Amino acid sequence: MATQKSARTPAAQRPHPDATRRSQRSRQAIYDAALSLVGEIGYPKTTIEGIAARAGVGKQTIYRWWPSKAQVLLEAFLDLGEQAVRAQGGEAPYAIPDTGDVAADLKAVLRATVDQLYDPKFEAPSRALAAEGLVDEQLGREFVAKLLEPSLQLHADRLRAAQEAGQVRPEVDPRIALELFVSPLAQRWLQHTGPVSYEYTDTLVDYALHGLAPR
């Protein structure tokens with residue numbers, strides 16, 4: 001009687017699980033867990049152990065990729081922003097629209113900023129990262145470089161375009177000028193020094209562009 005060959009495929013020939021895909025699934029689960037926990041219980045009560053349990057991974061998996069919960073949250077927040085861009089069909093780098101009316105364009109983008117600042121998905125992690133960045137210098141530098149600087153550059157670019165169109169004085173430094181409306185908004189939002197509304201941000205733009213002296 002002939003010996004039947006084994007139907008099993010040799011181990012070396014079996015397809016291996018896609019480690020990259022599995023790793024990405026784990027990362028996404030960790031991102032989602034970190035963001036949801038910060039939104040539900042706040043940043044101070046959120047722990048690596050809690051994130052791991054919510055994500056269904058071991059805490060050593062998290063420590064292998066990130067040194068702290070702050071770094072987890074920063075990367076999760078960056079991913080959240082990228083998801084928002086993809087959901088809107090955005091692929092090319094975003095730019096503030098140039099309609100020829102710099103005041104209208106700046107008011108529109110600041111109104112959109114207000115909406116995002118008070119979006120429940122963004123508000124809690126934004127506040128947590130901004131606050132943590134004040135006591136953790138390295139995190140603060142990363143927060144500025146990866147999250148704030150790209151946005152500030154967009155405002156500076158729009159002001160430079162306005163300079164070229166003769167709508168802003170040529171000697172004005174766009175990076176200083178943008179702080180006249182971006183910084184007060186950030187301070188009021190972070191420190192709760194007053195209500196934040198479309199009317200408020202529209203007024204900031206008017207004051208920044210036209211000054212306080214009598215016309």
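Colleague: Which residues line the largest cavity of this structure?

Modeller: The lining of the largest cavity is made up of Ala 34, Val 38, Tyr 43, Thr 46, Ile 51, Lys 69, Val 72 and Leu 73. The elements that contribute two or more residues to this lining are helix H1 (19-41) and helix H4 (69-87). The model is a predicted one. The residues asked for are therefore, as computed on that model under the cavity definition, Ala 34, Val 38, Tyr 43, Thr 46, Ile 51, Lys 69, Val 72 and Leu 73.

Colleague: Which helix gives the largest share of the lining of the largest cavity?

Modeller: By class, the lining of the largest cavity holds six nonpolar, one polar and one charged residues. The largest share of that lining is three residues, and these come from H4.

Colleague: How much space lies in the largest cavity?

Modeller: A search of the whole structure for cavities of 30 Å³ or more finds one. The space in the largest cavity is about 30 Å³.

Colleague: What percentage of the residues of the chain count as buried?

Modeller: A residue is called buried when its relative accessible area is under 20%. The chain has 215 residues, and the share of them that counts as buried is 33%.

Colleague: Among contacts between residues at least 6 apart in sequence, what percentage join residues at least 24 apart?

Modeller: Two residues are in contact when they have heavy atoms within 4.5 Å. Of the contacts in the chain between residues at least 6 apart in sequence, the share that joins residues at least 24 apart is 61%.

Colleague: How many salt bridges does the structure have?

Modeller: Side chains of opposite charge can pair when their charged atoms come close. A pair is counted when a side-chain nitrogen of Lys or Arg is within 4 Å of a carboxyl oxygen of Asp or Glu. By this rule, the number of salt bridges is 13.

Colleague: Which helices hold the salt bridge partners Glu 49 and Lys 59?

Modeller: In the salt bridge of Glu 49 with Lys 59, the closest N and O atoms are 3.6 Å apart. The pair ties together parts that are ten residues apart in sequence, because Glu 49 lies in helix H2 (residues 48-55) and Lys 59 in helix H3 (residues 59-65). Glu 49 has 41% relative accessibility and counts as partly exposed, and Lys 59, at 39%, counts as partly exposed. The helices asked for are H2 and H3.

Colleague: How far apart in sequence are the parts tied together by Asp 105 and Arg 158?

Modeller: Asp 105 forms a salt bridge with Arg 158, and their closest N and O atoms are 2.9 Å apart. Asp 105 lies in helix H5 (residues 102-117) and Arg 158 in helix H7 (residues 137-164), so the parts tied together are separated in sequence by 53 residues.

Colleague: Which helix holds both Arg 127 and Glu 123?

Modeller: Arg 127 and Glu 123 form a salt bridge whose closest N and O atoms are 3.2 Å apart. The two residues are four residues apart, about one turn of the helix, and both lie in helix H6.

Colleague: Which helix gives the most to the lining of the second largest pocket?

Modeller: The second largest pocket holds about 310 Å³ of space. Its lining has 14 residues, and the closest to its centre are Gln 167, Val 168, Ala 208, Leu 209 and His 210. H5, helix H9 (179-191) and helix H10 (198-210) each supply at least two residues of the lining of the second largest pocket. The most, three residues, is given by H10.

Colleague: Which residues does Thr 201 touch, not counting those up to four places away in sequence?

Modeller: Thr 201 is found in helix H10 and is buried, with a relative accessible area of 0%. A polar atom of the Thr 201 side chain lies 3.1 Å from the backbone oxygen of Tyr 198. Not counting residues up to four places away in sequence, Thr 201 touches Leu 110, Arg 111, Val 114 and Leu 185.

How values were computed:
Residues are numbered from 1 along each chain as its sequence is written. This is a predicted model: local features need pLDDT of at least 70, side-chain atom pairs count only at pLDDT 80 or more; totals for chains, interfaces and linings use all residues. Side-chain values use heavy atoms; hydrogens and water are left out. Buried means under 20% relative accessible area, exposed over 50%, partly exposed in between (1.4 Å probe, protein chains only). On a 1 Å grid over the protein atoms alone, a cavity is a set of points where a 1.4 Å probe fits but cannot get out, and a pocket is an open set with protein on both sides within 12 Å along at least five of seven lines; lining residues have an atom within 4 Å of a point. Grid points are joined across faces, edges and corners, and a volume is the space filled by probe spheres set on the points. A polar contact is a pair of N or O atoms within 3.5 Å; within protein, one must be able to donate a hydrogen and the other to accept it, and residues adjacent in sequence count only if both atoms are side-chain atoms. Ala, Val, Leu, Ile, Met, Phe, Trp, Tyr, Cys and Pro count as nonpolar, Asp, Glu, Lys and Arg as charged, and the others, Gly among them, as polar.
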